[in-house]
Each structure stands twice: as structure tokens, then as C-alpha cells.
Amino acid sequence: ALIVMLQTLVSIPSNGIARSLFAMPLLVASHIFYGIGFWRGLFTKLHRGKNRPKFEVRLEKIAL
């Protein structure tokens with residue numbers, strides 16, 4: 001909470017009081033949702049599509 005308050009105080013000179021106060025819950029929400037997404041992605045199994053078309057991958061070298 002202290003860090004969010006400090007960040008809000010730091011942003012007041014450049015963005016104004018109203019914008020800084022409105023941004024305060026967004027600062028908290030962005031960190032919470034980033035953390036949720038990180039942990040969800042960390043423990044979610046990747047699914048390969050069954051209907052994905054197979055195609056050949058060709059690598060080429062370009063001489064300079």
C-alpha cells in the first residue's frame with residue numbers, strides 16, 4: 001500500500017491529482033492480474049491443436 005501511495009504521489013506533478021488518484025486502483029489491479037496470469041500459465045498444460053495443418057519448415061541461408 002505504501003509503494004502504491006508513493007507511486008501516486010510521484011505521478012501527481014506530471015499527470016495531476018485526479019488522474020493519479022484514478023490510476024491508483026489500476027496500479028494494484030495490473031499487478032494482481034499479472035501475477036494471476038503468471039501463476040496460471042506456469043501450471044497450465046499446453047494443448048496442441050488436433051486440427052492444425054502440418055507443413056514443412058524450410059530454413060535458408062542468405063549470403064551477404
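A polar contact is a pair of N or O atoms within 3.5 Å; within protein, one atom must be able to donate a hydrogen and the other to accept it, and residues adjacent in sequence count only if both atoms are side-chain atoms. Under this criterion, the side chain of Thr 8 reaches the backbone oxygen of Val 4 at 2.8 Å.

The model is predicted, with local features needing pLDDT of at least 70 and side-chain atom pairs counting only at pLDDT 80 or more, while totals for chains, interfaces and linings use all residues. Residues are numbered from 1 along each chain as its sequence is written, and side-chain values use heavy atoms, with hydrogens and water left out.

**Helix H1**

Helices are DSSP runs of H or I with at least four residues, numbered from the N terminus. H1 comprises residues 2-15. Its 14 residues span 19 Å from the first C-alpha to the last, close to the 20 Å expected at 1.5 Å a residue; the expected span is 1.5 Å times one less than the number of residues.

Burial is assigned by relative accessible area, computed with a 1.4 Å probe on protein chains only: buried means under 20%, exposed over 50%, and partly exposed in between. The buried residues of H1 are Val 4, Thr 8 and Ser 11. They lie on the same side of H1 because they cover an arc of only 75° around the axis, where the arc is that of the directions from the helix axis to the C-beta atoms. An α-helix has 3.6 residues a turn, so residues three or four places apart point the same way. The face turned away from the buried side of H1 carries the exposed residues Leu 2, Ile 3, Leu 9, Val 10 and Pro 13.

**The loop and helix H2**

Gly 16 is placed in the loop between H1 and H2. Just after H1, Gly 16 adopts a positive phi of about 90°. The C-alpha atoms of Gly 16 and His 31 are separated by 22 Å, with the two residues 15 apart along the chain.

Helix H2 (17-43) is included in what covers the buried residues of H1. The two helices pack at an angle of about 145°, with their axes 8 Å apart; axes are lines fitted to C-alpha atoms, for helices over the stretch in contact, and angles run from 0 to 180 degrees between N-to-C directions. H1 passes H2 in a right-handed crossing. The contact (heavy atoms within 4.5 Å) is made by Val 4, Met 5, Gln 7, Thr 8, Ser 11, Ile 12 and Asn 15 of H1 and by Ile 17, Arg 19, Ser 20, Leu 21, Met 24, Leu 27 and Val 28 of H2.

**Accessibility of selected residues**

| Residue | Relative accessible area | Class |
|---|---|---|
| Thr 8 | 3% | buried |
| Ser 11 | 14% | buried |
| Gly 16 | 26% | partly exposed |
| Ser 20 | 2% | buried |
| Val 28 | 36% | partly exposed |

**Polar side chains between the helices**

Leaving aside neighbours within four places in sequence, Ser 11 is in contact with Gly 16 and Ser 20.

Ser 20 belongs to H2. Not counting residues up to four places away in sequence, Ser 20 touches Thr 8, Ser 11, Ile 12 and Asn 15. Ser 20 and Ile 3 are 17 residues apart in sequence, and their C-alpha atoms are 14 Å apart in space.

Val 28, found in H2, is 24 residues from Arg 52 in sequence and 39 Å from it in space, C-alpha to C-alpha.

Technical notes. A crossing is left-handed if the near helix is turned anticlockwise from the far one by less than a right angle, and right-handed if clockwise.
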